[in-house]
Amino acid sequence: MANFVDRVVLHLRAGNGGHGVASVHSEKFKPLGGPDGGNGGRGGDIVLRVDPQVTTLIDYHHGPHRSAPNGKPGEGSERNGAQGEDLILPVPSGTVVTTRSGEVLADLVGEGAEYVAARGGRGGLGNKALASPRRKAPGFALLGEPGEESEVVLELKTLADVALIGFPSAGKSSLVSVLSAARPKIADYPFTTLVPNLGVVTAGGERFTIADVPGLIPGASEGKGLGLQFLRHVERCHVLVHVIDCATLEPGRDPLTDLEVIEAELAAYVPHGQLGGIPLAERVRVVVLNKADVPEARELAEMVRPDLEEQGYEVHIVSAVAHHGLKDLTYALAGHVRRAREEQVVVAPSRVVVRPRAMDDQGFSVVREMTNDGEVFRVVGERPTRWVRQTDFSNDEAVGYLADRLGRLGVEDELLRAGAVAGSTVLIGPADDAVVFDWEPTMAGAGEVLGRRGTDLRLDERNRPTRAEKREAFHSKMDAAEAARQEMAAERRAGKWSDPEE
């Protein structure tokens, strides 16, 4: 049991995006070469992928906490940060991914099937990417977004065409061993089988898989014994085979009673509707009266067979030890599997439906709420929340850039319509990690005091003199200085400059 795990809860954290960087290109004779800060790298995703070499979830039972690498921050000289590598988690075919509440997120069947369980955060833009004709020299960069954190449940539901069900020690493992090449553990005590055993059976031109489900007992659907733990493995099976021990000496046990008990457990168990499963009580069912090599068991089987056939069951009397009746059973099961496969609805691949956002859809809403601290206005929307996460609130220019983006999106207009006034408390972001501020209409960053955000007055000097103009101005200045010296010398010779004491 320690080597087979078919249900685990995973705690996942995708990689954070790297921060963008604010940098200015500088070289000799060019101290202000413009912004050249690179973007941060994307954080790594966490991907669940079917691997045929994996047959159990035991690795995740021992290590349920998994995280993907973060993206690297950007650097100067327009160097973008490296992206975080995706974390690939191999899972067995037949793994169902659900939430804690039971909502199915993915049904992973077939080699290579995958599901992105947690997405990495996007990297922040550097000031090079934020530069524009109006914002020539941004003095800030955007922060990387945090990666998603999720909690998912993995359930392994065996992919088999035929499921052998019945009380402990009914001979299910023995049947699997003689019908296929599988070699499960066989012993003469209850609950010998602790994990589902799979075998491949070939009958004529049909090839199908058969699995024995660990022993069911009364109350299995309510969690007693091992039944509920493994009933999920019969959800995908086309045919259910009741294996009944006709040689049991336990008091109160007989073939008809055993069948009624197991049928009641099947009826009480509700398979997940999204997995395409028919209720277990409506599946094709076959009754196998086992251990016919024992004379008393053979006599009992022949006695109850008419009663079972009157109830509509297909009955086979077999002996796994003496290999009696196995050929007829094998071909009968192959026929049921073939018909079930033919009746199975083939789901056509769904087309991607593109639904463009309406022209008047701003992608956010303003909700007026009453809290213990008074009235607040919560801005709910993907873009405002993402912009807040990307903002470095220690940089006034970055805060002003956020204000500009929110203003262009129409957040201020919606706040006014919702009844907000100057000084109202506004929250942006998730309820447990929202940014709270006192709203002032048309708020401006402190960086605007010295000029428009994202500008440098030195870069706005469009009439800079050329080298020839500088040379001409220099010569003119020197000529003017020489003329002034000659004029002063002429005045001195003419006696205009005299010493009063002389």
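Visitor: Is Ser319 buried or exposed?
Guide: Ser319 counts as buried, at 1% relative accessibility, where buried means under 20% relative accessible area, exposed means over 50% and partly exposed lies in between, with a 1.4 Å probe and protein chains only. The model is a predicted one, in which local features need pLDDT of at least 70 and side-chain atom pairs count only at pLDDT 80 or more, while totals for chains, interfaces and linings use all residues. Residues are numbered from 1 along each chain as its sequence is written, and side-chain values use heavy atoms, with hydrogens and water left out.

Visitor: Where is Ser319 found, and what does Ser319 touch?
Guide: Ser319 is found in the loop between strand E14 (314-317) and helix H7 (326-343); helices (H or I, at least four residues) and strands (E, at least two) are DSSP runs, numbered from the N terminus. Leaving aside residues up to four places away in sequence, Ser319 touches Asn290, Lys291, Ala292, Asp293, His324 and Leu326, a contact being heavy atoms within 4.5 Å.

Visitor: Let's turn to strands. Why is E2 described as largely enclosed?
Guide: Strand E2 covers residues 46-50, and four of its five residues are buried, so E2 is largely enclosed by the rest of the structure.

Visitor: Which strands does E2 pair with?
Guide: Five bridges join E2 to strand E4 (residues 87-91), and these two run parallel, whereas E2 and strand E7 (residues 114-118) pair in the antiparallel sense over four bridges. Two strands pair if DSSP finds at least two bridges between them.

Visitor: And which residues stand opposite each other?
Guide: On the E4 side, Ile46 stands opposite Leu87. In E7, the bridge partner of Val47 is Val116, and that of Leu48 is Tyr115.

Visitor: What order do the strands take in the sheet?
Guide: The order is E4-E2-E7, in an open sheet of three strands with mixed pairing. The edge strands are E4 and E7, each of which pairs on one side only, and the twist averages 30 degrees from one strand to the next.

Visitor: Changing topic, how many salt bridges are there?
Guide: The count comes to 16 salt bridges, taking a salt bridge to be a side-chain nitrogen of Lys or Arg within 4 Å of a carboxyl oxygen of Asp or Glu.

Visitor: What parts does the salt bridge of Arg100 and Glu151 tie together?
Guide: The side chains of Arg100 and Glu151 meet in a salt bridge at 2.9 Å, N to O. Arg100 lies in the loop between strand E5 (95-98) and strand E6 (104-108) and Glu151 in strand E8 (residues 149-156), so the pair ties together parts that are 51 residues apart in sequence. Arg100 counts as exposed at 55% relative accessibility, while Glu151 counts as partly exposed at 33%.

Visitor: Which salt bridge involves Glu263?
Guide: Glu263 meets Arg285 in a salt bridge of 2.8 Å, N to O. Because Arg285 lies in strand E13 (residues 284-290) and Glu263 in helix H5, the pair ties together parts that are 22 residues apart in sequence. Glu263 is buried, with a relative accessible area of 13%.

Visitor: Which residues are linked in a network?
Guide: Arg42, Asp45 and Asp86 are linked in a network of salt bridges.

Visitor: Back to H5, then. At what angle do H5 and H6 pack?
Guide: Helix H5 (residues 255-268) and helix H6 (residues 295-310) pack at an angle of about 50 degrees, with their axes 10 Å apart. Axes are lines fitted to C-alpha atoms, for helices over the stretch in contact, and angles run from 0 to 180 degrees between N-to-C directions. H5 and H6 are therefore oblique to each other, since angles under 35 degrees count as roughly parallel, over 145 as roughly antiparallel, 65 to 115 as roughly perpendicular and the rest as oblique.

Visitor: Which residues make that contact between H5 and H6?
Guide: Pro255, Leu256 and Leu259 of H5 meet Leu300, Val304, Asp307 and Leu308 of H6. By class, the residues of this contact are six nonpolar, no polar and one charged; Ala, Val, Leu, Ile, Met, Phe, Trp, Tyr, Cys and Pro count as nonpolar, Asp, Glu, Lys and Arg as charged, and the others, Gly among them, as polar.
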